[in-house]
Amino acid sequence: MSIINNIKNIRVPFFSTFKAYFDLGTTNTRIAVKKKGVVFREPTYLGYNAKTKEYMFFGTEAKTIQGKTPDFLTIVRPITNGILADFDAEVSFLRNSMDTAIRPYLEQFSLIKPPIHAVAATPSISTEIERKAVEESLQKSGCTQVTIVERALATAAGCGFNIFSHEPQMVIDLGGGLLEISVVSGGGIVGQRVLKTAGENMNKLIANYTYLKHGIVLGENTCENIKIELLNFTDEELNVTVRGKSLETGLPKSIKLKTSDVREALISQFHHVIDATRELIEASQPEVADAIFKNGIALTGKIAGIPGIEQYFHQELKIDTYVVEHYADATIYGMMRLDQDNETIYKIAAPTY
Ligand SMILES: Nc1ncnc2c1ncn2[C@@H]1O[C@H](COP(=O)(O)OP(=O)(O)OP(=O)(O)O)[C@@H](O)[C@H]1O
Ligand SMILES: [Mg+2]
């Protein structure tokens, strides 16, 4: 039996590879398999048990227990602002994710397992060393070959643009840890502004707001839910009752929050995005600025799910703005799309040393 198992685990380098795509986002990790589509979407969270010295909780489970763990359990976030910050945690997370997401597909190869070729996107602000760390984390998780690509270009391809044409397109990726405003043309980035205050920072702003205005301490997951449930840029005024800890008594306390409260708490953050976008357009070549006005602005990232966000951008910038169809998965869709198109994905490879 063990001989059969050993044979099953043999990897032959010249055998056709098994292609998988990785979007290692700050908040969410997405994995796709060539010709199958996205097979994994989970929060990039782990629970570390200091007693047993092992990672015990992964993804949604780890995120759900955040704020409710005993002392010996720590919630770990391996990706910070789009950059791999905790190598060992990321390897553990990737191994676990690949077990769930990729193994079922590998099982179909009964005798010889094909080597896994991973394509992963990293933000352009990452250094060669940081990209190398992503490459090594994937290799350590069982991938034989790793190609690192420019994230903003993959995202633009996921919006449906021909990123190799010399027609500049502006894409704003509103993620959890990074807010990337990019102008893409001719297979490269012609201008970019990156803000490290993104979706997760909004949760912190809500926590600060309720603390100062209502004297209540709210957990991170509660603040995220408030943002998702209440925030919109339409005329709709919603409200929810949330429970936290009173600053005065230390006892549970409930407050009612409205959409306008959340807008007030987050408006400074949205002003930053608008200012950075305006600045980028102003710094662009006249032809590029003209193309942006003509082609409009594409919004991606899960924050683009805020109702009416395109109207808000349009109102502030006086440029047509729209949310792309697969806004939450644009990066990973882009990688798949470029690999299907005669493997043009290699044209957007980012160097590692
Ligand atoms: N329906 C929603 N409306 C608004 N925001 C949402 C919604 N669902 C999730 N979010 C927020 O979107 C953010 C996560 O976005 P996304 O998954 O695009 O980030 P990411 O790809 O993991 O991060 P990054 O690309 O910045 O590294 C979180 O801050 C989350 O609270
Ligand atoms: Mg992202």
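Helix 8 gives the most to the shell around ligand 1, with 3 residues.

User: What should I know about the model and its numbering before I read the shell?

Analyst: This is a predicted model, in which local features need pLDDT of at least 70 and side-chain atom pairs count only at pLDDT 80 or more, while totals for chains, interfaces and linings use all residues. Residues are numbered from 1 along each chain as its sequence is written, and chains are lettered from A and ligands numbered from 1 in the order in which they are written.

User: Which residues come nearest to ligand 1?

Analyst: A residue is near a molecule if its C-beta atom, placed from the backbone, lies within 6 Å of it. Of the 21 residues around ligand 1, the nearest are Gly25, Gly175, Gly176, Gly199 and Lys302. Helix 7 (199-214) and helix 8 (220-230) are the elements giving two or more residues to this shell; helices are DSSP runs of H or I with at least four residues, and strands are runs of E with at least two, numbered from the N terminus.

User: What is the strand order of the open sheet of 5 strands?

Analyst: Strands pair if DSSP finds at least two bridges between them. Here the order is 13-12-11-17-18, with mixed pairing. Strand 13 (188-195) and strand 18 (321-323) each have a single partner strand, so one side of each is left without a neighbour in the sheet.

User: How many bridges join strand 17 to strand 18?

Analyst: There are 3 bridges between strand 17 (residues 297-300) and strand 18, which run parallel, and Ala298 has Tyr322 in strand 18 as its bridge partner.
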